[in-house]
Amino acid sequence: MNRDMDRDMLGLIERWRVLRAEVEAAGASLLAVSKYAPDEAVAALLEAGQRDFGESRPQQLRDRAARFPEARFHMIGPLQKNKAKYVGRHAAMWHSVEDAATAHLVARHVRDRRLPVLVQVNVARLPDRHGVLPEQVEPLMEALRELPALELRGLMCMAPKDGDARRAFRDLRHLRDRLAGGSLRRPASGDAPLMLCMGMSGDWRVALEEGSDMVRLGSALFGPRATMR
Ligand SMILES: *Cc1c(COP(=O)(O)O)cnc(C)c1O
């Protein structure tokens with residue numbers, strides 16, 4: 001490690017300590033979105049005590065799961081069917097479930113465990129955005145119940161880019177509360193409520209105020225993409 005790298009890693013760890021303290025004080029957890037970060041940054045945070053990392057490219061997730069067996073890598077991006085096996089085999093959690101067919105394919109590759117999953121919701125109903133519309137969440141949850149290899153843990157959303165983040169987060173929370181009050185309680189997992197995974201670098205404090213259980217931080221933690229690669 002050269003001196004500049006050393007300094008970068010110390011800065012990273014310092015940012016991580018500050019961010020993690022604030023996230024955990026709100027009762028939530030921090031997912032370190034390492035998709036654009038180099039291996040050295042993952043190694044440095046792992047050493048400092050971070051366990052959960054987010055990746056959006058299935059092959060990179062597989063490679064890092066092999067390289068860093070003590071870490072948990074979450075799949076957070078859209079998933080093409082031909083990459084389903086990497087997620088089924090190597091992901092600690094799959095955040096971006098949006099159709100039953102891909103879920104079936106992933107489930108086929110899960111061995112000796114249940115893979116925790118989140119349904120991604122297009123709460124703001126934007127065209128061409130990932131996630132299911134709010135009224136499609138219940139039917140998708142029903143379909144997931146047919147797949148014992150997958151364990152539904154909650155809901156995930158991304159706020160609209162230039163829109164009202166608070167409203168999106170609040171809508172997701174209300175949706176979760178409606179589902180929890182209805183017939184679709186999580187099966188076979190006691191009374192644990194469905195979790196909410198929402199909030200990114202630009203809006204995570206708002207997400208915490210609206211009840212997020214897990215924020216996904218990339219650039220706020222690792223720095224802007226250009227400086228990391
Ligand atoms: C890249 C990504 C993030 C992190 O984004 P930042 O704004 O850099 O924090 C969070 N969630 C998803 C789904 C992503 O793809």
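1. A word on the model: it is predicted, so local features need pLDDT of at least 70, side-chain atom pairs count only at pLDDT 80 or more, and totals for chains, interfaces and linings use all residues. Residues are numbered from 1 along each chain as its sequence is written, and side-chain values use heavy atoms, leaving out hydrogens and water.

2. Start with helix H1, residues 3-25. Helices here are DSSP runs of H or I with at least four residues, strands are runs of E with at least two, and both are numbered from the N terminus. H1 has 23 residues and reaches 33 Å from first to last C-alpha, close to the 33 Å expected at 1.5 Å a residue (1.5 Å times one less than the number of residues). After H1 comes Gly27, with a positive phi near 80°.

3. Which residues of H1 are buried? They are Met9, Leu12, Ile13, Trp16, Leu19 and Val23 (buried is under 20% relative accessible area, exposed over 50%, partly exposed in between, with a 1.4 Å probe and protein chains only). These buried residues pack against strand S1, helix H2, H8, strand S8 and helix H9 (contact is heavy atoms within 4.5 Å).

4. On a 1 Å grid over the protein atoms alone, a cavity is a set of points where a 1.4 Å probe fits but cannot get out, while a pocket is an open set with protein on both sides within 12 Å along at least five of seven lines; lining residues have an atom within 4 Å of a point. The largest cavity is lined by Leu79, Trp94, Ser96, Val97, Glu98, Asp99 and Thr102, and strand S4 gives the largest share of that lining, three residues. The largest pocket has 31 lining residues, and nearest its centre lie Val33, Lys35, Ile76, Met158 and Met200. H9 and helix H10 are the elements that give two or more residues to the lining of the largest pocket.
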